[in-house]
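Subject: Two-chain model for you

Hello,

Here is the structure I promised to hand over. Please open it first, then read my notes below.

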Amino acid sequence: MNILAPVRRDRVLTELPQCLRKEAALHVHKGFHPRVTCACQEHRTGTVGRFKISKVIVVGDLSVGKTCLINRFCKDTFDKNYKATIGVDFEMERFEVLGVPFSLQLWDTAGQERFKCIASTYYRGAQAIIIVFNLNDVASLEHTKQWLADALKENDPSGVLLFLVGSKKDLSTPAQYMLMEKDALKVAQEMKAEYWAVSSLTGENVREFFFRVTALTFEANVLAELEKSGSRRIGDVVRINSDDSNLYLTASKKKPMCCP
Amino acid sequence: MEPRRVGPGAHCWGPRVATGSGTAAELVYHLAGALGTELKELARRFGPEAAAGLVPLVVQALELLEKAAVGPAPDSLQVSAQQAELELRRLREENERLCRELRSGPQGECGPAGGGEAQGLSPRAANENAPSSEERAMLRQLKEVTDRQRDELRAHNRDLRQRSQETEALQEQLQRLLLVNAELRHKLAAVQSQLRAARDRESESERRREATLEPAPEQAQGQAAAPGCEQRQEPETAAAGTGAPGTPEDRADALPPPGRPPKVGQCGFSREEVEQILQERNELKANVFLLKEELAYFQRELLTDHRVPGLLLEAMKVAIRKQRKKIKAKMLGTPEEAESR
């Protein structure tokens with residue numbers, strides 16, 4: 001049984017969104033891993049098939065636009081006024097990937113130094129880390145390495161997906177952007193992160209970016225699940241679960257047919 | 001007799017003088033004239049016989065002299081030259097006339113339609129020469145006009161080309177200026193954002209300094225809003241804190257001893273307090289999320305318009321409560337139900 005209503009139609013992913021730059025991408029395959037596609041078709045996604053929440057943390061210097069980025073994607077709003085995040089905040093975003101419900105919990109952390117000790121307690125258990133910097137502020141790009149190091153202290157570096165995101169793209173000219181991108185790509189390659197450039201003001205690349213995060217996190221989750229269960233009958237529990245909901249669904253579907 | 005002799009001689013010489021054979025010939029004739037008067041005087045004084053023997057001799061001598069002075073007598077060569085000259089003049093005239101006729105001929109032929117063939121050459125030429133000359137004048141005029149217009153057109157063309165070039169140059173300049181403008185705007189925006197960031201940083205450090213010296217009135221509020229049952233116990237203080245923020249007495253009460261060294265993380269609240277507040281906020285947010293989803297779920301059920309039997313509803317509610325607990329634990333990262341992750 002699932003108390004969650006169907007996901008919004010614009011949160012349904014049927015194919016793998018592509019990376020922004022091939023030079024700095026987590027992988028450049030055209031589609032999902034074949035085993036993932038197969039598992040999804042056969043409803044063998046294990047715990048991912050149930051209410052799976054992936055934790056994503058967003059870190060970076062203060063006022064680079066972490067909150068704005070999340071608000072643009074989750075609420076489709078943009079507030080020009082700067083309002084510092086106190087400690088941490090989060091947003092839930094529900095998706096359906098290859099027919100499987102999947103949720104992201106986006107943890108928005110404070111960039112201010114004084115909240116760092118509080119925010120860092122929320123770093124643990126992240127499956128993806130989004131490090132944001134301002135495309136118009138070189139210093140913020142330089143600080144991303146420190147942010148990554150801090151975030152990785154609380155996490156297993158091998159099991160986490162990294163994204164390096166340049167924000168406020170609307171404020172840089174193409175020439176300035178090209179210069180910044182060169183540096184950013186280098187940093188992204190060094191930290192093995194996928195590079196993105198977005199504008200929360202105009203919305204450029206915001207949706208594409210979060211869809212990419214969702215898809216890659218989902219893929220990694222399902223692969224890990226398949227790995228973990230190994231030869232065991234994967235999805236036995238899920239099957240019961242899905243049968244449950246199927247039973248309910250068929251019942252609810254048949255009812256109106258019986259008494260029109 | 002003498003005058004006849006001399007006469008014919010003089011008469012014969014006339015044309016020769018006209019041919020202009022030079023001064024020697026004139027001298028000879030002059031001499032002949034003078035000899036003639038002398039012989040006449042001799043014959044008058046001494047009778048005609050006195051000079052009779054002399055005259056033929058003198059005439060013979062004079063003729064010889066004349067021959068020597070004038071050169072050969074008018075011969076066939078000179079005559080033929082004269083004739084040729086005459087012929088030439090005649091031919092030239094004719095040629096001129098023919099030329100005139102020829103020039104006026106083609107114009108005249110289309111003029112008088114079916115004009116009499118029997119008409120003479122000269123009247124016809126005269127007939128057509130007048131209008132053709134008029135036409136020629138008109139043609140010349142027309143040609144002048146067209147030439148002038150062509151020249152004017154060319155000048156206009158040139159002018160137009162020049163102007164279009166100028167326009168192009170101006171447009172290019174405009175484009176360049178627009179680019180420069182856009183770039184400047186971008187730079188301005190970037191600088192403004194940097195300024196804003198710097199200002200924020202500044203004000204933040206300012207706030208931090210202030211906070212260490214003088215805890216904000218929110219502290220009272222924060223304590224009142226702390227999670228747990230205390231919140232319920234003191235709703236009045238919370239209301240007072242929010243209703244009248246920052247009454248000077250409150251602030252004075254909460255003031256820490258001045259001159260305390262500023263500490264990082266000391267922001268009016270203690271770190272534990274902030275963590276508590278956040279934890280509570282997260283719980284509330286998780287609840288809101290779950291309630292929203294639940295609401296959407298029941299709304300959907302209502303919309304599909306079917307009644308759930310009471311027993312099933314009860315079971316459903318229990319299941320939902322269980323699931324809600326699980327989801328909430330996942331969202332908040334609390335250890336309970338960790339096995340479902």
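The interface comes first. In this predicted model, 42 residues of chain A are in contact with 45 residues of chain B. About 4100 Å² is buried between the two chains. Carbon and sulfur atoms give 59% of that area.

The rule finds 6 salt bridges across the interface of chain A and chain B. One of them pairs A:Asp137 with B:Arg201. Their closest N and O atoms are 3.9 Å apart. The cut-off for a salt bridge is 4 Å, so the A:Asp137 to B:Arg201 pair, at 3.9 Å, falls within it. Keep that in mind if you apply your own criteria.

Which elements of chain A give two or more residues to the side that touches chain B? There are two strands and two helices: E3 (88-97), E4 (100-109), H3 (116-119) and H8 (236-258). E3(A) gives the largest share, with 6 residues. By class, this side of chain A has 19 nonpolar residues, 14 polar ones and 9 charged ones.

Now each chain by itself.

Chain A:
- Its secondary structure comes to 8 helices and 7 strands.
- It has 260 residues, and 54% of them are buried.
- Take the contacts in chain A with a separation of 6 or more: 78% of these join residues 24 or more positions apart.
- The accessible surface is about 11900 Å², and 56% of it belongs to carbon and sulfur atoms.

Chain B:
- It has 12 helices and 0 strands. Along the sequence, the pattern is α-α-α-α-α-α-α-α-α-α-α-α.
- It has 341 residues, of which 19% are buried.
- For contacts in chain B with a separation of 6 or more, residues 24 or more positions apart account for 65%.
- It exposes about 25700 Å², with carbon and sulfur atoms supplying 58%.

What do the strands look like in number? Chain A has 7, whereas chain B has 0.

On the chain A side, E3(A) is the place to begin looking, with the largest share of residues touching chain B.

Best wishes

Technical notes:
Residues are numbered from 1 along each chain as its sequence is written. Chains are lettered from A and ligands numbered from 1 in the order in which they are written. This is a predicted model: local features need pLDDT of at least 70, side-chain atom pairs count only at pLDDT 80 or more; totals for chains, interfaces and linings use all residues. Side-chain values use heavy atoms; hydrogens and water are left out. Contact means heavy atoms within 4.5 Å. Buried area is the accessible area (1.4 Å probe) that two parts lose on being put together, summed over both. A salt bridge is a side-chain nitrogen of Lys or Arg within 4 Å of a carboxyl oxygen of Asp or Glu. Helices (H or I, at least four residues) and strands (E, at least two) are DSSP runs, numbered from the N terminus. Ala, Val, Leu, Ile, Met, Phe, Trp, Tyr, Cys and Pro count as nonpolar, Asp, Glu, Lys and Arg as charged, and the others, Gly among them, as polar. Buried means under 20% relative accessible area, exposed over 50%, partly exposed in between (1.4 Å probe, protein chains only). Accessible areas come from the Shrake-Rupley method with a 1.4 Å probe; for residues, only the protein chains shown count as cover.
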